[in-house]
Amino acid sequence: MKKAWWKEAVVYQIYPRSFMDSNGDGIGDLPGIISKLDYLKELGVDVIWLSPCYKSPNDDNGYDISDYRDIMDEFGTLEDFRTMLEGIHKRGMKLVMDLVVNHTSDEHAWFMESRKSKDNPYRDYYIWRDGKDGKEPNNWTSYFYGPAWEYDKETDQYYLHIFSRKQPDLNWENPNVRYEVYDMMKYWLDMGCDGFRMDVVNMYSKVPGLPDGKPAEITGKEHFQDGPRIHEFLQEMNREVLSKYDIMTVGETADVSIEEALRYANNEGTELGMVFQFEQNMIDNGETRFSYRKVPLPELKACFSKWQRQLEGKAWNSLYWTNHDQPRTVSRRGNDKEYRKESQKMLYTMLMTMQGTPYIYQGEEIGMTNVYFDDIQDYDDVEIRNYWERYVVNGTEDPEKTLDGIHFRARDNARTPMQWDDSENAGFTTGKPWIKVNPNYKEINVKEALEDPDSIFHYMQDLIRMRKANEVAVYGDFKEYEPENEKLYIYERNFEGKKLFVVLNFTEETVDFCVPEGISGEGAELLIDNYKDGGKLENRVMRPYEASVYLI
Ligand code: ISL
Ligand code: CA
């Protein structure tokens, strides 16, 4: 196992729009981030991954970029960006940028040129096709619902957009596109940025001929995910850019299989450092996007354990519970009411004791919860709005059931403003926030967490310290016990003669734990426990959501 700084790092994701507003316009911004760098340093994270901060008309909150080399007006200026980067480096942390190059905004100069005429030099930067019998060129559908094609009457052709119609897909078959992207990447790396999180990186390559897909909620996936040239493209990007810098890279790879992940994140380093697997997100899918099921623990464990075992020695995992596209961890996998603190601490104990690089999404360190708005109008996300319009307003889906699904799964759950204190709007803004603050900010906020020695924040600090002090937590292999156990997750990690032994209670019940055969509690030291007084490694009782980590 090759060691690397980014394997030992703990990453913190910032969604700038919702992090900290410095000027009262209700939108988080870069000066806001700058004002909180000491806070992040205190938490103990090493790397900040910043969701897009580039110029954007914000159809999809910055994931629709109109200028890759400049900063979004609402967020500040390039000058602010440089100050922020310097502030991050000065504190010994690093900055990873979000690279969104499967698509641009339709307001990007390339697209504005491209749509002008069929012989425009930028025409081939995007994917334009004739209609078929007066309809779309194929049956692919967009992640944000409806056809993945938009008709443009200027030139009587359709352009492809796998996401919103304001996010036209770039044509990666065109080498000019690829080299423009590589140049842009160098621009940020030369400025001092420390890597990239690559948005939907496994969608760059589409199957030639763009054949019809088999009908599904998102039709065509099999033709635009892990497409035929994707590894060639990434190896080229690696040769041209990535390999020239000491950086961290992580690919967002929806639906990725283990076989594909082994290629994207291979240990030889010919493509990316790591990828985000999506199995853990899809595991509680219901029949529609906004329905869900409760997952029995053995299934959830099987998913994580499989990724642990099968990447071991061959590729590097990323470890995350949530991000700006997923609901809050404690609401989804724990108990966001009476055991909010215990369960959140337990869940992050798991993350910090597996092999891979852990990611903490903003607000997770204080156990922020889902938001549960009653009024659909309070949601802002283009995904929710399109879905509601299509399936509830103009369709047959039950509004109440859909709202319940939104309460459990929606992306906006992660996007309500960061809760800094118990003052109005949680200290996020002095103005009107772009999306409502979660009403529970009076109890759940950073100020409270910093004052409480038992807070999730302080436990998270301990977890990070524990991980840093014990290489086995980073590099150790993974062996699971009792995979069928419906209440406990039990596993060990081994590295250079040291063993980390982890017991996690995923329920609100008191559960008996028996030391597995072959494990001796003698000489085992309790490294960390979310109830503090976990006791010896022996047959014992695990309290609700208790997490105990031993070093043997
Ligand atoms: O969020 C999702 C539902 O769980 C996913 O379908 C998500 O849209 C998909 O993983 C792609 O996400 C990324 O690209 C999108 C952007 O909207 C997301 O915020 C981003 O993380 C388009 O750029
Ligand atoms: Ca602002």
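Colleague: Which residues does threonine 141 touch, not counting residues up to four places away in sequence?

Modeller: A friendly note before the answer: this is a predicted model, where local features need pLDDT of at least 70, side-chain atom pairs count only at pLDDT 80 or more, and totals for chains, interfaces and linings use all residues; side-chain values use heavy atoms, without hydrogens and water. Residues are numbered from 1 along each chain as its sequence is written, while chains are lettered from A and ligands numbered from 1 in the order in which they are written. Contact means heavy atoms within 4.5 Å. With that rule, threonine 141 touches Gly146, Pro147, Ala148, Glu217, Ile218 and Thr219.

Colleague: Is threonine 141 buried or exposed?

Modeller: Threonine 141 sits in the loop between β6 (128–129) and β7 (149–152); strands (E, at least two residues) and helices (H or I, at least four) are DSSP runs numbered from the N terminus. Buried means under 20% relative accessible area, exposed over 50%, and partly exposed in between, using a 1.4 Å probe and protein chains only. Because its relative accessibility is 19%, threonine 141 counts as buried.

Colleague: Which backbone nitrogen does the side chain of threonine 141 reach?

Modeller: A polar contact is a pair of N or O atoms within 3.5 Å; within protein, one must be able to donate a hydrogen and the other to accept it, and residues adjacent in sequence count only if both atoms are side-chain atoms. Here the distance is 2.7 Å.

Colleague: Which residue in β2 stands opposite isoleucine 14?

Modeller: Strands pair if DSSP finds at least two bridges between them. Four bridges join the parallel strands β1 (residues 11–14) and β2 (residues 47–50), and both belong to a closed barrel of eight strands. Opposite isoleucine 14 stands leucine 50.

Colleague: How far from an oxygen atom of ligand 1 does a polar side-chain atom of histidine 324 lie?

Modeller: Ligand 1 is surrounded by 18 residues, where near means a heavy atom within 4 Å. Arginine 197 places a polar side-chain atom 3.0 Å from an oxygen atom of ligand 1. For histidine 324, the distance is 2.9 Å.
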